[in-house]
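Trainee: I would like to go through this model and ask what stands behind each label. Please give me the value and the cut-off each time.

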Amino acid sequence: TVEDPPEYPIPGAVQTPVANTETEADRAREYQAAIKAAMRLDPDIIMLSEVRDKPTARLVIQAAMTGHQVWTTVHANNALAIIDRLYDLGVPMELLTDPSIIGGLICQRLVKVLCPNCKEPLSEHMDDYEQRDLRRMMSVLDFSKVYRRNKKGCPHCSHAGTTGRTVVVESIVTDNKLMALLKSGDKIGAIDYTMREQSVKSMLDHAIEKINAGEVDPFEAEDVVGMLNVGIIERDHRVTP
């Protein structure tokens with residue numbers, strides 16, 4: 001691993017810290033040197049904490065091209081946007097759309113988990129919300145199963161109303177057809193392909209599942225993944241030939 005800095009020990013991993021750098025330029029230089037050193041060790045897997053500059057992005061792709069399995073993170077809005085972000089960091093599209101180099105794309109966010117002891121059925125508190133908000137929620141949720149956070153909480157959750165966090169995620173396994181669509185610039189075609197042929201579940205769909213399971217407050221989920229009915233809006237306004 002190359003981490004800036006290591007946050008906790010990982011059993012079985014050789015962890016390389018990048019720390020005590022005074023400037024962003026120093027950090028980038030030390031980070032790149034650590035990646036090169038890691039590649040010389042011929043590891044089974046290289047895990048890089050984050051890609052946030054052009055030299056590091058190029059080194060990550062070079063490491064993947066040498067046959068190493070590389071795991072890393074980059075800031076992006078969704079799984080397919082990872083390709084756009086790496087392209088913006090200077091990686092050629094020919095390399096980014098090669099499924100032998102980039103084998104998977106994962107995007108995730110964290111949402112708070114409702115306290116099972118004090119969460120409240122949303123259906124019993126409808127008067128607390130604007131009708132337009134309720135109509136938006138009703139278009140995608142099963143209100144008989146939806147709960148909200150109890151603002152007073154209880155001793156079980158230290159009066160927070162929540163107990164930890166859970167992940168909402170979308171995960172894509174790349175293949176030649178998907179990469180060809182991205183290479184040609186057909187983003188809508190790529191989205192349709194992942195949804196219809198690969199059965200990829202979006203972060204939004206995953207959040208809706210957890211809300212309907214009574215695990216997550218719908219309004220707090222919207223703060224993380226956006227409006228819950230955006231999928232319906234997109235389908236209604238999508239132009240198809």
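Trainee: Why does Thr 56 count as buried?

Mentor: This is a predicted model, so the label rests on computed values. Thr 56 has 1% relative accessibility, and buried means under 20%, so Thr 56 counts as buried.

Trainee: Where is Thr 56 placed, and which residues is Thr 56 in contact with?

Mentor: Thr 56 belongs to helix H2. Beyond its neighbours within four places in sequence, Thr 56 contacts Tyr 31, Gln 32, Ile 35, Glu 50 and Val 51.

Trainee: What makes H1 roughly parallel to H2?

Mentor: The axes of H1 (residues 24–40) and H2 (residues 54–65) cross at roughly 10° and come within 10 Å. Angles under 35 degrees count as roughly parallel, so H1 is roughly parallel to H2. On the H1 side the contact is made by Tyr 31, Gln 32, Ile 35, Lys 36 and Met 39; on the H2 side, by Pro 55, Thr 56, Leu 59, Gln 62 and Ala 63.

Trainee: How many residues of each class are in the contact of H1 with H2?

Mentor: There are six nonpolar, three polar and one charged residues.

Trainee: Why is the pair of Tyr 129 and Phe 219 called stacked?

Mentor: The ring centres of Tyr 129 and Phe 219 are 4.5 Å apart, and pairing requires centres within 6.5 Å. Their planes are at 5°, and planes under 30 degrees apart count as stacked, so this pair is stacked. The structure holds one aromatic pair.

Trainee: Are Tyr 129 and Phe 219 buried or exposed?

Mentor: Tyr 129 has a relative accessible area of 19%, and Phe 219 also has 19%. The cut-off for buried is under 20%, so Tyr 129 is buried and so is Phe 219.

Trainee: Why is Lys 210 called buried?

Mentor: The relative accessible area of Lys 210 is 14%. Buried means under 20%, so Lys 210 is buried. Lys 210 is found in helix H8 (residues 203–212).

Trainee: What makes the pairing of Lys 210 and Thr 166 a polar contact?

Mentor: Their side chains are joined at 2.5 Å, and a polar contact is a pair of N or O atoms within 3.5 Å, one able to donate a hydrogen and the other to accept it. Thr 166 is also among the residues in contact with Lys 210, along with Val 167, Val 168, Glu 215 and Val 216, leaving aside neighbours within four places in sequence.

Trainee: How do you know that Glu 120 is buried, and which side chain does its own side chain make a polar contact with?

Mentor: Glu 120 has a relative accessible area of 18%, and buried means under 20%, so Glu 120 is buried. Its side chain makes a polar contact with the side chain of Asn 150 at 3.4 Å, and the limit is 3.5 Å. Glu 120 is placed in strand S6.

Trainee: Why does Phe 143 count as buried?

Mentor: Phe 143 has 12% relative accessibility against a limit of under 20%, so Phe 143 counts as buried. Phe 143 lies in the loop between H5 and strand S7 (147–148). Not counting residues up to four places away, Phe 143 touches Leu 122, Ser 123, Met 126, Leu 134, Met 137 and Met 138.

Trainee: Why do Ser 158 and Ser 199 count as exposed?

Mentor: Ser 158 has a relative accessible area of 62%, and Ser 199 is at 59% relative accessibility. Exposed means over 50%, so Ser 158 is exposed and Ser 199 counts as exposed. Ser 158 is in the loop between S7 and S8, and Ser 199 is in the loop between H7 and H8.

Trainee: What is the phi of Ser 158 and of Ser 199?

Mentor: Ser 158 has a positive phi of about 55° although it is not a glycine. Ser 199 likewise has a positive phi of about 55°. Most residues other than glycine have a negative phi.

Technical notes. Residues numbered from 1 in each chain as written. Predicted model: local features only at pLDDT ≥ 70, side-chain atom pairs only at ≥ 80, totals over all residues. Heavy atoms only, no water. Axes fitted to C-alpha atoms, helices over the stretch in contact; angles between N-to-C directions. Helix = DSSP H or I, 4+ residues; strand = E, 2+ residues; numbered from the N terminus. Parallel < 35°, antiparallel > 145°, perpendicular 65-115°, else oblique. Contact = heavy atoms within 4.5 Å. Nonpolar A, V, L, I, M, F, W, Y, C, P; charged D, E, K, R; others polar. Buried < 20%, exposed > 50% of the residue type's maximum accessible area, 1.4 Å probe, protein only. Phe/Tyr/Trp six-rings, centres within 6.5 Å; stacked < 30°, edge-to-face > 60°.
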